[in-house]
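Q: Hey, can you walk me through the charged pairs in this one? I'm new to it.
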Amino acid sequence: MTRADYEACQAADEAGFRSSIETLSLKALEAGVKSFDYRASVDGQWRRLGMDELLAKRVDLAIEEVRSETSWAGLAQSLINSEKAQEISTAVAERVYRSDAMKSAIESLATGVGNEVGRTLELASQDAVGPSLECLRAFLGKRYGATVAGVVTTDVERDFGLESVAGRATISSGSVIQQSSQGIAGAAILLVRRQLANIAARVGQRLAGSILARLVSVAAGGVGLVLVAKDIWELRNGVLPIISDEMKSDATKDMVKAELAKTIGEQINAHLHEIAAKSADRVVEIWQGFRRAHQKALEIAEKNEGFRTFLDTVKPEQLARLDEVVALVLASDGEQGVLKRLSDGTLNEAVRFLPEPAMAIARDTRSIDAALGWSALAGDQLPRVLEHEIYRRAAPSGFTRTTLSTLLKLDDHVAITRLAGLQPEARDRLFGLGTEDLKRLARSFSESELETLARYLDGLEPEPRARVLSAVAATPAKMQSLASPRVREAVLASKDQARAVDMMLRDGGGNPELILDDAKAAWDGRISPVLIWEKHPLLVGALGVAFLFVLLMIRRLFRPRRPAGPAQTPA
């Protein structure tokens, strides 16, 4: 690859880049096959297949068939009539070179030569990949940096099998070439083998026409020699002896071999451009596949030098993470959000250091900030945050490391998820309970009931708060006696909150002494009178009725009676 080639690759657009790859590939392929000796390969396959003996047998059979089908007069006429001689020569040549046995032999020979030239082309194709990779690096490195260029180059090398030992091409007529387990896997090599298979199928047909033309001219030129060299007995066979000798001669065999070598060579050279084009197409296809997979990151890198510099520091195995992070940020904050995270370092942290559980949180919440926050807060407990889906019910800002550890110590999915959904202040108040009490409470109450309990505790002094938590944790049903907002307000308004809480949590209510004591506490102002109604509604109702009765009696006593009216006389 020359300096001019390198600069052309670097400056080209995608179409020009593909053209450069094709040109470099063609140059390498032409150089690779230029030294291949087609004639020597044909000679070797000719001997391997015993073509001399096969040719002699096929000529003898063809001569006998033509002799049996042609009259004595026709044979004699062939000695003096060039048209008749040409007709007989054509008949013999066609029977020889268009017979199934000869076509099969020629195809086998072409296949053998194809195997040999195929190995040369495989090596030439490998050589062609080298300049192609340099061109690829020049094209991509300038636009996207060394990391992208290196990853795509590695993909091309893997696709063209440069990491494996080149295998031997196996060619069969008219079929796609089989590929050994150690063979080159590149699409260009497969194309080479397909073309060689097509050559093997067609070369026998092309060969027959070329040989027939020469045999006809030889037969016509040999008439005079026959008249001089052959006796009268031989004259009865016409030109057939001449044709037989000529077709078996070394000169004719050399001509056949030369024709085979020329035909195969022409076919290979005719397809080098196509092979080079397919090689270039494959390289570009690999690049385009990479670009589709990493489209957004590459678009930003092409426009922004800072992002391109960052991309150069990303390891190949981190590219998938980069794509995911960029996609999440683009969806929420756009391209400016990506560049902002690049400058403040959070993009680098998300790509390089976020553990996989944090990325699972980012995918679910569509937020990189959530993933960063939970990762920083939870540390090695992050998998448990993910397992219990705490991130779905709360933000990391609602926890400290201590409160998160307290929550996770419950080791109960139902309790953890219910408590996680509470407001931080409410949750922290409930953490005053022991682990088992808190677990039992969280499993017994719904989130709304837990919120109510937490609000209830807000404003209570430490002692009554502890009493409420302890009593409710032991017997969750007791929360019903404290649940109404009016009771909460009355308890908080009481001077002696502990006394008020004790009264509301106390089982039963029919003991006269306790009722009298409660009433006395309300009379003294230690507890809100509202609590008396809430705790002893029947008693308060009965007292109310009694008080009303007393009032009515007093009213009746103090209200004067009406005087009786005058008696009316009957009419």
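Q: Which residue forms a salt bridge with E335?
A: K303 does, with the closest N and O atoms 3.1 Å apart. A salt bridge here is a side-chain nitrogen of Lys or Arg within 4 Å of a carboxyl oxygen of Asp or Glu.
Q: Where do E335 and K303 sit in the chain?
A: They link distant parts, 32 residues apart: E335 is in helix α16 (residues 319-344) and K303 in helix α14 (residues 295-303). Helices are DSSP runs of H or I, at least four residues, numbered from the N terminus.
Q: How exposed is each?
A: K303 is exposed at 60% relative accessibility, while E335 is partly exposed at 29%. Exposed means over 50% relative accessible area, buried under 20%, and partly exposed in between (1.4 Å probe, protein chains only).
Q: What are these numbers based on?
A: This is a predicted model, where local features need pLDDT of at least 70 and side-chain atom pairs count only at pLDDT 80 or more, though totals for chains, interfaces and linings use all residues. Residues are numbered from 1 along each chain as its sequence is written, and side-chain values use heavy atoms, leaving out hydrogens and water.
Q: OK, what about R3, which side chain does it meet in a salt bridge?
A: That of E7, at 3.3 Å from N to O. They're 4 residues apart in helix α1 (residues 3-11), so about one helical turn separates them.
Q: And how many salt bridges does the count come to?
A: It comes to 25. Another one joins R363 and E356, at 2.8 Å.

Key:
Helix = DSSP H or I, 4+ residues; strand = E, 2+ residues; numbered from the N terminus.
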